Amino acid sequence: MIRSGIILVFLAVFLAGPPASSAEQGGVPFPVLAKAQGEKCVAPAEDMRRNHGDYLLHQRDETARLGIRGGKYSLKKCIECHASPDAEAAGAATVRPFCAACHDYAAVSINCFECHTPKASGGNPKP
Amino acid sequence: MNGQPMDKVRRKVLACAAATAGLVLAPGVTLLAAQGADSKKRWGLLIDASKCAKDCEVCVVACRDENGWSGHQRPATDPQWIRKVNLRDPATGFTWSLPVMCQHCTSPPCVDVCPTGASFKRADGIVLVDKHICIGCRYCMMACPYKGRSFVHEKITNQKPYAPRGMGTVESCTMCVHRIDAGGVPACVEACASQGGGAIISGDLNDPSGDIAREAAKYGVGRIRSDLGLEPGVLYRGAPL
């Protein structure tokens, strides 16, 4: 009984079609992400969507504590590539709108930008 | 275990592990040692009080600009990574002026007292706060005999990308770790050389041919409160410490 229930749920999910149609069907609209400036992310989008938090957490410890610089998953590089005009920062290019698109949607509260600047280097140049 | 003490056996196992770490796995594929802070190095500063002018604040301004810790004109609570201290010998009336910052101790008391492990010493001797896990308890500020650390009381915006700072955490001189890791010198050293008296030099204390070792051998150096046995990485010359 339970098994057939699961199969039914599967069928329902598949028949409902791709998730993009959710908004059209009256569901909650999916987050819209601003286009990144770079050509390609450091990992495939599916991987980054699921694991970016783990990658950043791992690398932050390596960088801050062990002094290993220039790793693959750099918050600075995320900021540079995914910065877009931010009303909160008076129109300066920050990564906040990009992060907020999903994090607000999923009610995830992150605090990277209580300490790290979200501004791309154009907004806060290194001397 | 052949009657050997346990720690000796353990050491042998560790030595074996260390030897295998550099092994060639396959042609063209090697296990590289992770880069990062080098434990053979010991970064430090040497400050020559005789070249440090009493009214000069170039190092303080440079540090503030580099790391973005300008305050709110409230000296009691504003962060202060480096400050100028003027000393006077009451017997002779002679005065000295010295910059004082985190002394990057070999045995840092701030690390001993930290309840979360946020206060730590890097392999190359630079003492830092891992603000990711700092809970702002300020034990380290109490423990530091040099008053080297500050607490961030207020919300901060416009941080420098290479110097993250945030409310509720403790911070101090990082010896401009972002510059050191890039092969550069701290901002105070650079500024003192170009606009001040060239009183501060930075380098590897373990390097016998380095500037600091050479000057230390030639002139003799002192440390602030060397009686505490903390062995700071910041050395002073030309001042009766």
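How many bridges join E4(B) to E5(B), and in which sense do the two strands run? The legends below take up this question first, and they describe a predicted model throughout.

**View 1. The hairpin of E4(B) and E5(B).** Seven bridges join E4(B) to E5(B), and the two strands run antiparallel. Within this pairing, Ile82(B) has Met101(B) of E5(B) as its bridge partner. The two strands form a hairpin in which six residues lie between them, and in the turn Gly93(B) has a positive phi of about 80 degrees.

**View 2. The buried side of helix H2 of chain B.** Helix H2 of chain B spans residues 58-67, and Val58(B), Cys59(B), Ala62(B), Cys63(B), Glu66(B) and Asn67(B) are buried in this helix. These residues are on the same side of H2(B), because they cover an arc of only 135 degrees around the axis. An α-helix has 3.6 residues a turn, so residues three or four places apart point the same way. The buried residues of H2(B) pack against strand E4 (82-88) and strand E5 (95-101), and also against helix H6 (187-194) and E10 of chain B. Just after the helix, Gly68(B) takes a positive phi of about 70 degrees.

**View 3. The open sheet E10-E3-E11 of chain B.** Three strands of chain B form an open sheet with mixed pairing, in the order E10-E3-E11. Strand E10 (200-204) and strand E11 (234-237) are the edge strands, each of which pairs on one side only. Averaged over the sheet and with direction ignored, neighbouring strands are turned by 25 degrees against each other. Strand E3 (residues 43-48) of chain B is joined to E10(B) by five bridges, and these two strands run antiparallel. Trp43(B) stands opposite Asp204(B), a residue of E10(B).

**View 4. The contact between chain A and chain B.** Chain A brings 15 residues to the contact and chain B brings 18 residues. On the side of chain A that touches chain B, helix H2 (residues 45-66) of chain A gives the most, with four residues. Sorted by class, this side of chain A has four nonpolar, five polar and six charged residues.

**View 5. Chain A and the confidence of its parts.** Chain A has four helices and two strands, which follow the pattern α-α-α-β-β-α along the sequence. Its mean pLDDT is 80, with 76% of its residues reaching 70 or more. Within the chain, confidence is lowest in helix H1 (residues 2-15) of chain A, where the mean is 50, and highest in H2(A), where it is 93. Over residues 8-21 of chain A the pLDDT stays under 50, and for this stretch the model has two contacts beyond four places in sequence. Residues 123-127 of chain A also stay under 50, and for them the model has nine contacts beyond four places in sequence. Where pLDDT is low, the predicted coordinates should not be read in detail.

**View 6. Burial and contacts in the two chains.** Of the 127 residues of chain A, 18% count as buried, while in chain B, with 241 residues, 34% count as buried. In chain A, 44% of the contacts between residues at least 6 apart in sequence join residues at least 24 apart. In chain B, residues 24 or more positions apart account for 59% of the contacts with a separation of 6 or more. The secondary structure of chain B comprises seven helices and 11 strands.

Note on methods: Residues are numbered from 1 along each chain as its sequence is written. Chains are lettered from A and ligands numbered from 1 in the order in which they are written. This is a predicted model: local features need pLDDT of at least 70, side-chain atom pairs count only at pLDDT 80 or more; totals for chains, interfaces and linings use all residues. Two residues are in contact if their C-beta atoms, placed from the backbone, lie within 7 Å. Ala, Val, Leu, Ile, Met, Phe, Trp, Tyr, Cys and Pro count as nonpolar, Asp, Glu, Lys and Arg as charged, and the others, Gly among them, as polar. A residue is buried if 20 or more other C-beta atoms lie within 10 Å of its own, exposed if 12 or fewer, and partly exposed in between; C-beta atoms are placed from the backbone. pLDDT is the predictor's confidence in each residue, from 0 to 100. Two strands pair if DSSP finds at least two bridges between them. Axes are lines fitted to C-alpha atoms, for helices over the stretch in contact, and angles run from 0 to 180 degrees between N-to-C directions. The arc is that of the directions from the helix axis to the C-beta atoms.
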